[in-house]
Amino acid sequence: MDLAPDLSNILASALAPGYMWVAFAVILIAFIIVSWVLVYHWLNYSFKLKTIRRVMYLYFSIGGALIIAMLVSLVSYSS
């Protein structure tokens with residue numbers, strides 16, 4: 001009994017570009033919501049504006065780089 005062809009078919013259908021775009025959209029929406037909540041709390045409940053600016057710069061630089069990397073990977077995977 002060979003399970004390898006069935007497993008490869010399941011993985012190929014699960015990793016279809018359409019599903020990957022939906023997953024990317026969900027991750028992007030979650031990132032936007034979490035970012036909005038964090039910025040709100042950082043600006044309203046922080047004491048040192050200089051520290052918060054550094055944290056926000058770091059958060060959005062790394063988060064933005066990861067989102068761009070996911071987008072580039074997805075575009076290259078889809079084409």
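Colleague: Which residues does F24 touch, not counting residues up to four places away in sequence?

Modeller: F24 touches I67, M70, L71 and L74. Contact here means heavy atoms within 4.5 Å. Keep in mind that this is a predicted model.

Colleague: How far apart are F24 and I67 in sequence and in space?

Modeller: They are 43 residues apart in sequence. In space, their C-alpha atoms are 8.8 Å apart.

Colleague: Why is F24 called buried?

Modeller: Buried means under 20% relative accessible area. F24 has 12% relative accessibility, so F24 counts as buried. F24 lies in helix α2.

Colleague: What are the elements of the chain, from the N terminus on?

Modeller: They run α-α-α. There are three helices and zero strands.

Colleague: How do you know that the length of α2 agrees with a helix of 29 residues?

Modeller: Take 1.5 Å times one less than the number of residues. For the 29 residues of α2, that should span 42 Å. The end C-alpha atoms of α2 are 41 Å apart, so the two values agree.

Colleague: What does that reasoning give for helix α3, residues 49-78?

Modeller: Helix α3 has 30 residues and should span 44 Å. Its end C-alpha atoms are 42 Å apart, which agrees.

Colleague: Which residues of α2 are buried, and what do they pack against?

Modeller: The buried residues of α2 are F24, S35, V39 and W42. They pack against α3.

Colleague: And which residues of α3 are buried?

Modeller: They are I52, M56, G63, I67 and L74. These buried residues of α3 pack against α2. Over the chain, buried residues make up 11% of the 79 residues.

Colleague: What makes L28 partly exposed?

Modeller: L28 has a relative accessible area of 28%, so L28 is partly exposed. L28 also has its place in helix α2. The C-alpha atoms of L28 and L71 are separated by 10.0 Å, though the two are 43 residues apart along the chain.

Colleague: What share of the contacts joins residues at least 24 apart?

Modeller: Among contacts between residues at least 6 apart in sequence, 69% do.

Colleague: Let us turn to the rings. How many aromatic pairs does a search of the whole structure find?

Modeller: The search finds six aromatic pairs.

Colleague: Why is the pair of F31 and Y59 called stacked?

Modeller: Two rings pair if their centres lie within 6.5 Å, and planes under 30 degrees apart count as stacked. The rings of F31 and Y59 have their centres 5.6 Å apart and their planes at 15 degrees, so the pair is stacked.

Colleague: What makes this pair a tie between parts apart in sequence?

Modeller: F31 lies in helix α2 and Y59 in helix α3, so the pair ties together parts that are 28 residues apart in sequence. F31 and Y59 also belong to one aromatic cluster, together with W42 and F60. Y59 has a relative accessible area of 21%, so Y59 is partly exposed.

Colleague: How do you know that W36 and Y40 are stacked?

Modeller: Their rings are 6.4 Å centre to centre, with 25 degrees between the planes. The cut-offs are within 6.5 Å and under 30 degrees, so the pair is stacked. Both residues lie in helix α2, four residues apart, about one turn of the helix.

Colleague: Are W36 and Y40 exposed or partly exposed?

Modeller: Exposed means over 50%. W36 has a relative accessible area of 62%, so W36 is exposed. Y40 has 42%, so Y40 is partly exposed.

Colleague: Which residues form a nonpolar patch on the surface?

Modeller: I29, I33, W36 and V37 form the patch, with about 430 Å² of accessible area together. One of them, I33, has its place in helix α2, residues 17-45. The accessible surface of the chain comes to about 6400 Å², and 77% of that belongs to carbon and sulfur atoms.

Technical notes
Residues numbered from 1 in each chain as written. Predicted model: local features only at pLDDT ≥ 70, side-chain atom pairs only at ≥ 80, totals over all residues. Heavy atoms only, no water. Helix = DSSP H or I, 4+ residues; strand = E, 2+ residues; numbered from the N terminus. Buried < 20%, exposed > 50% of the residue type's maximum accessible area, 1.4 Å probe, protein only. Areas by Shrake-Rupley, 256 points an atom, 1.4 Å probe, with all protein chains shown as cover. Patch = residues over 30% accessible without salt bridge, like charges linked within 9 Å, V, L, I, M, F, W, Y side chains within 5 Å. Salt bridge = Lys/Arg side-chain N within 4 Å of Asp/Glu carboxyl O. Phe/Tyr/Trp six-rings, centres within 6.5 Å; stacked < 30°, edge-to-face > 60°.
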